[in-house]
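User: Could we go through this model together? I would like to discuss its salt bridges, a helix pair and the surface.

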Amino acid sequence: MADARRRVWTKSLSWQDFVVMALSGAAAGLGHPPFSLAVLTIVAMAMAFWYARNSQNCLHAFWMGFALGAGYFANSIHWIVEPFFVDPVRHGWIAPFAIVTLSLVLGSLWGAAFAIGRWIGPAVWPLVVLLTLAEMVRSYLFGGFPWGLPGYVLVDHFGGQAAAWVGPHGLNLIIWLVAWGLSFLFLANGWVRYATGGVLILALPILMLSVPSATPSVDGPPIVRLVQPNAPQNKKWDPAHTWRFLNRAISFTADGDSRPDLIVWPETSVPLLLHEAKATLEIIGDAAGGAPVVLGINRVDGERFYNSAVVLDPTGTVRQIYDKHHLVPFGEYVPLGNLMAMVGLRGFASQHGEGYSAGPGPRLLDLGKLGKALPLICYEAVFPQGVNAALERPSMLLQITNDAWFGSFSGPYQHLAQARMRAIEQGLPMIRVANTGVSAVIDGAGRVVGSLPLSEEGFLDVAIPATLDATLYSRTGDLPLIVLVMVLTVGLLMRVQRNGY
């Protein structure tokens, strides 16, 4: 028995195995925007499941899963390096280290799933459960990093509508379940295997059916104006350009023959601190012509610095304030910085004005006849569990963001896809306004009703779609799936076998 266990953990991996799995992972990453080849994600994962049957032991399986994950993350979230190129002379050298480190760390989670699966037995179907668990871990652990979930590739397809029932991790489970079934096409024996694979293969066309485009409403619903100033990040805070972008946004606010019911500006769109901006906000209120304005601005309270959204009345007076509570680690604050301040390292502590401080948590903004909106500032729209944490169901989701940090290739389009998933999960319309785009109004089925293109300045008046009935996922969140996956995982670990299932 001891010899058998040692063999299970003995390393045996060829470079060909590593390359095949890494390329499969990279191919799977092409399911995300701007490529949006969702079928390729499933086929590539199916190839990886089939090839995983060649694993000889746990360490071999770990390296195969690690290669698959590293290839997937390196391709799907490579846009994470874009902020380092805003000032390439100072920070550009960090970019390759950032993407390599992140891909290796996240790939290790998939490697662990493969290793545990091989320890359970030679069959690969437990990977469906274990990979779902791995993605849950990275979505929740240490604040979470749920960017680029495999299930997001279904946002344009009928299968993506299942997010209203099972959420993004349920979509992950569906992706891997179908990929596992598809992998039986490569096997040459066993009618049960063929039957199982056949059923799931037949599910693939249904999963891939395109969702029809939304039909914009013309009469009746309230109108929101999206204001997109298009301030490139390397010029956004440059005194030679800052006021030009502000005046552009004010002009867009005042423009047009008719007045909208709501005007929304992006994150940090006013280049002043809130307590210094009274005259500027009055000008914005006057330009709005009686419509309320939601805009992003920074504010201070004592030593603390907040990334905020405020609601202005027609006089430009601030009536409501929301402070971003889910901050970007290392971008908006230093993790454990407040703890380090206790031993004298105050320069890392957000509570002493170093970086942003987190707001108290989700809250709704009362927009009068339009209903109540759940504000999400940039990063907060990445977290489905954060949207579910609202104390009451809003009438709409409202995201303001500064996607200028993330270039113009894949990042902004992936962030739009994530916003669309939040709308599907909740059955709520989403108003999304981004500094450089893509600004959009999204209906409760995740369909874009109207949008402003990336890297273009302008404004757009769009009817706000109707609020749909509360979805199952909006009532339960991830809890039922977490319980199911944990029960299945414990069951697998308790039935460790060496002869498959």
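Predicted model: local features only at pLDDT ≥ 70, side-chain atom pairs only at ≥ 80, totals over all residues.

User: How many salt bridges does a search of the whole structure find?

Analyst: The search finds 13 salt bridges. The term requires a side-chain nitrogen of Lys or Arg within 4 Å of a carboxyl oxygen of Asp or Glu.

User: What does Arg432 pair with?

Analyst: Arg432 forms a salt bridge with Asp403, with 2.9 Å between the closest N and O atoms. Arg432 belongs to strand β9 (residues 430-434) and Asp403 to the loop between β8 and α15 (411-426), so the bridge ties together parts 29 residues apart in sequence. Helices (H or I, at least four residues) and strands (E, at least two) are DSSP runs, numbered from the N terminus.

User: Is Arg432 buried or exposed? And Asp403, buried or exposed?

Analyst: Arg432 is buried because its relative accessible area is 0%, and Asp403 is buried at 1%. Buried means under 20% relative accessible area, exposed over 50%, and partly exposed in between (1.4 Å probe, protein chains only).

User: Which residue meets Arg422 in a salt bridge?

Analyst: Glu425 does, at 2.7 Å from N to O. Both residues lie in helix α15, three residues apart, which is about one turn of the helix. Arg422 is buried at 0% relative accessibility, and Glu425 is buried with a relative accessible area of 0%.

User: What about Lys372, which residue does its side chain meet?

Analyst: The side chain of Lys372 meets that of Glu392 in a salt bridge of 3.6 Å, N to O. This pair links distant parts of the chain, 20 residues apart: Lys372 is in strand β7 (residues 372-377), and Glu392 is in the loop between α14 (384-387) and β8 (396-401). Lys372 is partly exposed at 32%, as is Glu392 at 43%.

User: Changing topic: how do α4 and α6 cross?

Analyst: The axes of helix α4 (residues 58-76) and helix α6 (residues 95-120) come within 6 Å and cross at roughly 145 degrees. Axes are lines fitted to C-alpha atoms, for helices over the stretch in contact, and angles run from 0 to 180 degrees between N-to-C directions. The crossing is right-handed, meaning that the near helix is turned clockwise from the far one by less than a right angle.

User: Which residues make the nonpolar surface patch?

Analyst: Trp15, Val19 and Leu23 make a patch of about 350 Å². Such a patch consists of residues with over 30% relative accessible area and no salt bridge, nonpolar side chains (Val, Leu, Ile, Met, Phe, Trp, Tyr) being joined within 5 Å. Accessible areas come from the Shrake-Rupley method with a 1.4 Å probe. Val19 is in helix α2 (residues 15-28) and is partly exposed, at 36% relative accessibility.

User: Finally, where are Leu246 and Val199?

Analyst: Leu246 is in helix α11 (residues 242-254) and is buried at 4%. Its C-alpha atom is separated by 9.8 Å from that of Ile284, 38 residues apart along the chain. Val199 lies in helix α9 (residues 191-207) and is exposed at 57%. The C-alpha atoms of Val199 and Gly181, 18 residues apart along the chain, are separated by 7.7 Å.

Terms used: Residues numbered from 1 in each chain as written. Heavy atoms only, no water. Patch = residues over 30% accessible without salt bridge, like charges linked within 9 Å, V, L, I, M, F, W, Y side chains within 5 Å.
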